[in-house]
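Thanks, everyone. Let me put the model up, and then I'll walk through a few points.

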Amino acid sequence: MSTITLPAEDNTTDDPRRRAPLTMGGQTLTSITETVARIAERPRPPRAWYVAFAVSSTLTAALILAAIYLIAVGVGVWGNNVPVAWAFDIVNFVFWVGIGHAGTLISAILFLFRQRWRTSVNRFAEAMTIFAVICAGIFPAIHIGRVWFVYWLAPYVNQMAVWPNFRSPLLWDVFAVGTYATVSLLFWYLGMIPDLATLRDRATSRVRRIAYGIFALGWRGSGRQWHRYERAYMLLAGLATPLVLSVHSVVSFDFAVSVVPGWHTTIFPPYFVAGAIFSGFAMVVTLMVPARAFFGLKDLVTLRHLENMNKVILATGCMVGYAYSIEFFIAWYGGNPYEQFAFINRAFGPYTWAYWIMVTCNVVAPQAFWFKKVRTTPWMMVIVCILVNIGMWFERFVIVVTSLSRDYLPSAWEYYRPTAVDITMLLGSFGLFFTLFLLFCRYLPMVAMAEVKAVLPHHHAAGDWQTPAPAEPHANGESHQGIRYPDQVSEGH
Amino acid sequence: MAEKEPTIADAPGGAVAALVAQFAGPDELVEAASQVRDAGYRYWDTHTPYPIHGMDRAMGIRPTVLPWMVLAGGVAGAAAALLMQWWMNAVDYPYIISGKPLFSLPAFIPVTFELIVLFSALTAFVGVLALNQLPQLWHPVFQSRRFARATSDGFFLSIEARDPKFEESRAAELLQSAGAVAIDVCRMPATGREVPTGVYWGVATLAILAILPPLGVAWYRSGAKKLPRIHPILDMDAQPKYRAQAFNPLFPGGMASRPAVPGTIAQGEMDENTALYLGKLGEQWVDEFPVPVSMEAVQRGRERFNIYCAPCHGLTGEGDGMVSQRATRRAEPNWVPPLSLHAEPVRVQPVGQLYNTVTNGIRTMPPYASQISVEDRWAIVLYVKALQRSQHATLDDVPEEMREKLR
């Protein structure tokens, strides 16, 4: 048995003779439980948490106040006006829905592709999905003007004796986003039940035991329960996969099914889905890098996880760049003068600044990820990912606003400017997102413990890595330390 | 590991409910599980912090029916979505859009797809909980203190006392020989499983409090109310404008309504032909119809009369319309019953006066000028005259050849 001499802390180098370890620091069942559960159990989070929470909850309060002002006075407090009837509201909606998609992608699609590295980040990313969808849902709900009639969107028996028009993409959107929010929540919660049971069983106070106990539903981790649970999880992953692709396709139909030049293009569904995954992964990395540092998760969420996500960002960034160029090609090749005008106007018209911010952030910035140094250096990847998030917000702004501001009727052309309420609500939505996220970090298991345990070397398909050292029997449960597996990398066994 | 004697921990309590044995690791647990399975137990289980591969086979677990349930959920979702869209958009409220068929499948696919996923996912979620009998917040195995590690790093096997083959000493023996490192005896609580009464009262109070608001709304909305319903949100009820007859400090005299500029006539108020528009010539009611009298006009008048007048005046003009009957039955204090159109005071009125009553109303009868055109008002008057004639006709009014029949 010869030992490979790779630095113990490096799992980003691929060696064909071994499988790169998914976790570092010689993790055992016990240490994983300790690392993850301790975050939710410690009485006081780090000071940085309080600072971040103060900022984000202030912004959330600003969002709530701005929304109340909007509802009380009317949508005229926004900068939207004909011809730019959709602006920040829809830009923010599409942006946040897109952010959510990375969570479902990591939890469902990578699960079906048996990408085991997902286990360390999926809980985190799924939580992000839920919070992003909450932020997204606010904007279409309040942009309808009379928000107290939002239930008119639903097909319910009413005294007006009318039904919604099921041939409208806006109604498809209601069903798509509603289903997406529901399924994401179920998936997230189902995945969390075993970990909530862990927190329940470790609880030292009665309140915590009851609170976690209720949500753990009495989970006993029994063989029969696990059998059905694994099957249900796989089924939900199989359902969520086409769902996530459909949701952003349907969101893109809101534009593509219309006849506005610059919107009416068949490339929108795949282009929107790629962009959604692109922005979502960038958001995961942006959040994950500080979170793993603050909460001591560096051994579970390793550089390899971050590098893998950065590779996905690079790939989807190139897809997005390809979509930008093909739009121009089709505008020229299609020979439609209005379409040609729309795209030339996008790049060189009154919003040229927004267009080039978008191109710089979305196409140029992620090219840095061709360099391994950037892919594996946390502060560098955070800079790139923040740029990507800015770029993806501007992508939606460019699509929505440039097309509308120069539509078919030149006499109606108008230069859209956001108002203070618009900008407050945009910042406030970030506040809401981070507030929910910080609460999640504080009270819930941030890493899917049961799933990470299942992919510890001994526990997945036999013979990948190393057999366990003979476990020491522990007569006394209190001193039982779990089964320790050596962390030295060795070549077969 | 079997050579080392496991400890058996027992705690005071009621009858034995289950034995919980801890094992050193996953491999030992899989081995023990196959032994317990071979011993023929039914109510037993393994407890691990994560799913262990090979455990299904070792325990002899048959594949779950969950996938079939999810398939059924998906089919139900597709059927519900297609039926809903067909019924709502093609049958009950047909939308004609771009000349497409009322049931246009391509446009209905997105919602159908979403509902397939939604129904399937809900089935999977509810199904896995139901099949796993969750939520089940109390179970005998939780009596074991050691068992808390089952969700962290411990590997356990439990045999429940409700198993027909269960016998405490033999089960413990089996677990020992299978390699248990520790065994806990779990007992039913001696005092029974009781929820504190405070919880019951709390839940009951909350339930009653939660029911009160919807009950209040239901009570308020049921039955007839004298006041208009409450509008929590005023929508367009409250408009920033001055209503007619309201006080307006902006104008001298405080009148919100502006008087006509002297010497002008508003559009649609050019009433030069006073006989036609007002039913008057000077101060005198006209006695001749200012419009042509014809059979068509009578028919038109009957139709309009039956729509606008009959609800109060009755189809024959006796004053016995449904509104009048109901108001009389309920003894409405402000109700003035309509005069019979065949009463002497009405019969002697000239047509101009009848026309004026239709136009401007009288007593509690509202004006109909805004609802019925001038020509139709005259047609109604014509029909009223015909009705009056019919109720006071003599044989002389009937054509000669018909008189013999009626005599």
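Contact here means C-beta atoms, placed from the backbone, within 7 Å.

Two notes on the source. This is a predicted model: local features need pLDDT of at least 70, side-chain atom pairs count only at pLDDT 80 or more, and totals for chains, interfaces and linings use all residues. Residues are numbered from 1 along each chain as its sequence is written, with chains lettered from A and ligands numbered from 1 in the order in which they are written.

Now the core. Val183(A) is among the residues with the most contacts inside the largest nonpolar core, together with Met128(A), Leu236(A), Phe281(A) and Val284(A). That core has 156 residues. Helix 3 of chain A, residues 88-112, gives it the largest share, 16 residues. A second, separate core has 33 residues, including Val20(B), Phe23(B), Phe147(B) and Cys186(B). By nonpolar core I mean buried Ala, Val, Leu, Ile, Met, Phe, Trp, Tyr and Cys residues joined through C-beta atoms within 7 Å. Buried means 20 or more other C-beta atoms within 10 Å of a residue's own. Helices are DSSP runs of H or I, at least four residues, and strands are runs of E, at least two, numbered from the N terminus.

Next, the interface. 67 residues of chain B are in contact with 58 residues of chain A. Which element of chain B gives the most to that side? Helix 4 of chain B, with 17 residues. Strand 3 (44-47), helix 2 (55-59) and helix 3 (66-92) of chain B also give two or more residues each.

Then chain B overall. Chain B has 13 helices and 7 strands. The C-alpha trace of chain B spans about 125 × 55 × 55 Å along its principal axes. Chain B is divided into domain 1 (1-190) and domain 2 (274-392), with bounds from an automatic or database domain assignment. The centres of those two domains, over C-alpha atoms, are 79 Å apart. Buried residues make up 28% of chain B.

That's the tour. Over to you.

Methods
A residue is buried if 20 or more other C-beta atoms lie within 10 Å of its own, exposed if 12 or fewer, and partly exposed in between; C-beta atoms are placed from the backbone. Two residues are in contact if their C-beta atoms, placed from the backbone, lie within 7 Å.
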